[in-house]
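Open your viewer and get ready to click through a few side chains with me. We will go stop by stop, selecting residues as we walk along the chain.

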Amino acid sequence: MSQYQPAQLQQIQKRTVRVLATGQALGGFGLGATLSVGALMAVELSGTPAWSGAAATISTLGSAISAIPLANLAYRKGRRIALAFGASLAIAGASGMILAAAMRSFPVEILALFLLGAASAVSLQARFAAADIPVSGPRGRDLSLVVWATTLGAVIGPNLIAPGETIGLALGLPHLGGPFLFTILAQLSSTLVFWFGLRPDPLLIAKEIAGLPDRRKNPGVRAALEVIRANPLAGYAVLTIALSHMVMVAVMSMTPAHLDSHGHSLAEVGLTISLHVAGMYAFAPVFGVLTDRLGPVRVIVAGQLIYFGSLLLAGLGQEDYWLVMGGLFLLGLGWSASTVAASALLTQVLGTAEKTKVQGFSDSLMNLSGAFGGAVSGSILLWFSFGGLNAAALAPVIFIVIATSFSRRWQVK
């Protein structure tokens with residue numbers, strides 16, 4: 001029997017969401033420039049532009065591979081230790097980037113980028129941690145507030161590149177190493193927030209209430225697939241998260257190249273991506289509230305409809321800068337609605353013993369799907385233009401809508 005009363009659980013839940021949101025915001029400050037500076041460093045250290053995409057690819061791979069081990073660690077030891085450990089891996093990665101710049105070693109940078117991917121895994125796990133404690137109330141809102149907290153770091157982070165370079169040069173670091181000082185400081189702050197703030201631990205509370213052993217083994221992919229086979233709604237949620245992320249990454253990653261080829265300035269490219277990022281994170285609480293009121297599947301459908309409008313606008317308007325910008329903003333909104341609602345659905349349909357099994361697998365699949373979308377989008381852009389890329393991105397959207405048509409059989413709104 002649990003030692004916690006309902007009123008106590010509500011207070012702990014509110015505090016947990018505040019801690020998670022604070023940790024997310026702090027951690028995001030150091031990651032806003034990681035991929036941009038990492039791409040520049042890859043070109044400089046490898047000696048060829050062919051490796052410019054290595055930063056995103058290796059970092060995403062690191063996030064995908066670390067997601068399941070971090071989820072298993074959370075199940076055994078609690079969210080506090082798992083999130084803090086993941087952030088500490090990111091600190092090691094940022095330190096490695098500075099070392100790579102000083103040694104002018106591309107292999108060291110590859111390893112550092114892989115470790116930095118753990119920061120994204122932490123960010124994804126934090127949103128699920130907001131829904132660990134079994135309390136009545138708006139779970140989608142709590143989850144979305146943690147997603148929304150990423151906005152601050154995502155928007156401000158890229159503007160720290162120049163100050164980081166200046167500080168680094170003053171300390172005698174290579175010019176591309178300085179920005180990672182902010183990454184170290186941000187991730188260290190995030191680690192301290194998680195370590196000292198998540199007391200009591202939300203996942204350990206959930207396990208106590210469910211009567212689960214503290215050190216029960218939580219297997220990996222095979223166990224996740226077994227849960228998904230037994231619970232089609234969980235599979236639907238995982239599929240939606242992965243395919244929605246694939247659509248977003250595929251189109252977003254090629255937009256700068258498309259705009260650049262049409263003679264648009266870096267400032268115009270930056271503004272477009274900034275609005276896209278704002279669409280991804282700034283409106284997450286709105287979709288969280290809608291998820292609680294309307295049900296997650298309805299919001300998932302809304303997200304796919306927004307995707308459809310986005311791809312239509314940007315694809316047909318590929319020669320018009322303002323239409324492309326509007327399409328990218330809608331692309332961010334579609335991702336936000338789909339990801340928030342599907343994540344909330346996943347927490348609703350799974351018990352405590354099943355959650356971390358499937359959540360880690362979901363985060364891993366999400367990153368791998370994004371990496372696949374980014375990998376194939378360049379070839380599609382080259383062969384079929386930006387309009388063709390947007391048309392191809394409709395395929396996953398249509399697949400999700402078809403899968404949604406079966407949701408009534410699975411008894412969900």
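The tour below visits salt bridges and then a surface patch. Keep in mind that this is a predicted model.

**Stop 1: the salt bridges**

Select Glu44 and Arg104: their side chains meet in a salt bridge, 3.1 Å from N to O. Glu44 belongs to helix H2 (residues 34-46), while Arg104 sits in the loop between helix H4 (79-103) and helix H5 (106-129), so the pair links parts of the chain 60 residues apart. Glu44 is partly exposed, with a relative accessible area of 32%.

Next, pick Asp132 and Arg79, whose side chains form a salt bridge at 2.6 Å, N to O. Here Asp132 lies in the loop between H5 and helix H6 (139-148) and Arg79 in helix H4, 53 residues apart. Are these two buried or exposed? Asp132 is buried at 3% relative accessible area, and Arg79 is buried at 1%.

Now select Asp363 and Arg127, with their closest N and O atoms 3.1 Å apart in a salt bridge. This pair joins helix H17 (residues 352-392) to helix H5 across 236 residues. Asp363 counts as buried at 3% relative accessibility, and so does Arg127 at 2%.

**Stop 2: the surface patch**
Finally, show Leu188, Leu192, Trp195 and Phe196 with a surface: together they form a nonpolar patch with about 390 Å² of accessible area. Zoom in on Trp195, which is found in helix H9 (residues 179-197). Trp195 counts as partly exposed, at 33% relative accessibility.

Notes. Residues are numbered from 1 along each chain as its sequence is written. This is a predicted model: local features need pLDDT of at least 70, side-chain atom pairs count only at pLDDT 80 or more; totals for chains, interfaces and linings use all residues. Side-chain values use heavy atoms; hydrogens and water are left out. Patches are made of residues with over 30% relative accessible area and no salt bridge: like charges are joined within 9 Å, nonpolar side chains (Val, Leu, Ile, Met, Phe, Trp, Tyr) within 5 Å. Accessible areas come from the Shrake-Rupley method with a 1.4 Å probe; for residues, only the protein chains shown count as cover. A salt bridge is a side-chain nitrogen of Lys or Arg within 4 Å of a carboxyl oxygen of Asp or Glu. Helices (H or I, at least four residues) and strands (E, at least two) are DSSP runs, numbered from the N terminus. Buried means under 20% relative accessible area, exposed over 50%, partly exposed in between (1.4 Å probe, protein chains only).
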